[in-house]
Amino acid sequence: MEGISGILLTGGKSTRMGTDKASLPFGNGTLLTVQLEKFRALGITDVLISGHGDGQIPDDVPGCGPLGGLAACLPRVQNPCALVISVDVPLVPVGALSALIAAHTAGATLLRHGERLEPLIAVYDTALGVTARRLLTEGRRAVRALLDLTDWRAFDPGAPEEAFLNCNTPEAYAAALRMIGGYDA
């Protein structure tokens with residue numbers, strides 16, 4: 001896809017999981033490689049990985065959660081907007097991500113399923129990186145603070161609720177492993 005970059009958020013502490021989520025086996029790879037394959041399937045070639053490993057972009061302000069990853073990566077991408085996904089939602093269908101991208105017009109477009117908003121499955125204008133960095137210097141760490149300062153909209157791709165399972169715990173990860181194959185992940 002032209003005009004869009006990708007940001008994969010992998011920099012969490014994984015405290016509830018007890019181990020680095022990105023390296024957990026999933027399908028024929030890991031949670032990290034499953035998500036990277038989604039960017040490839042979408043034709044997104046400019047992809048940054050926010051995290052602590054080799055070749056990854058560390059947070060400019062450590063310990064600030066996902067907003068720290070956005071602040072570090074948004075200014076570094078090559079395109080005017082970026083699809084952002086976290087490493088721990090491996091069942092999100094590529095089709096849902098494609099529809100989310102198509103729905104984006106400006107500011108931020110968040111994936112919604114039912115009544116739940118997913119600010120870490122979203123498209124953000126890269127100019128928001130400046131605002132994210134400013135929020136961090138003010139001691140504000142919530143992605144919601146960034147959304148309060150920009151126009152944003154929600155988009156529901158109509159995918160099954162199970163597609164948005166977040167692998168934050170060993171139990172949720174085990175449930176996701178049982179569901180492999182039911183989605184175009």
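The model is predicted, with pLDDT of at least 70 needed for local features and 80 or more for side-chain atom pairs, while totals for chains, interfaces and linings use all residues. Residues are numbered from 1 along each chain as its sequence is written, and side-chain values use heavy atoms, with hydrogens and water left out.

D88 lies in the loop between β5 and α3 (94–103) (helices are DSSP runs of H or I with at least four residues, strands runs of E with at least two, numbered from the N terminus). D88 is buried, at 7% relative accessible area (buried means under 20%, with a 1.4 Å probe and protein chains only). Residues up to four places away in sequence aside, D88 touches K21, L165, N166, C167 and N168 (contact means heavy atoms within 4.5 Å).

An open sheet of mixed pairing is formed by six strands in the order β4-β1-β5-β7-β6-β8 (two strands pair if DSSP finds at least two bridges between them). β4 (47–50) and β8 (152–155) are at the edges with a single partner strand each, so one side of each has no neighbour in the sheet. Strands β1 (residues 4–9) and β5 (residues 81–86) run parallel and are joined by six bridges; I4 has C81 as its bridge partner in β5.

Helix α1 (residues 31–41) lies across β1, β4 and β5, at about 170 degrees to β1 (axes are lines fitted to C-alpha atoms, for helices over the stretch in contact, and angles run from 0 to 180 degrees between N-to-C directions).

Note on methods. Buried means under 20% relative accessible area, exposed over 50%, partly exposed in between (1.4 Å probe, protein chains only).
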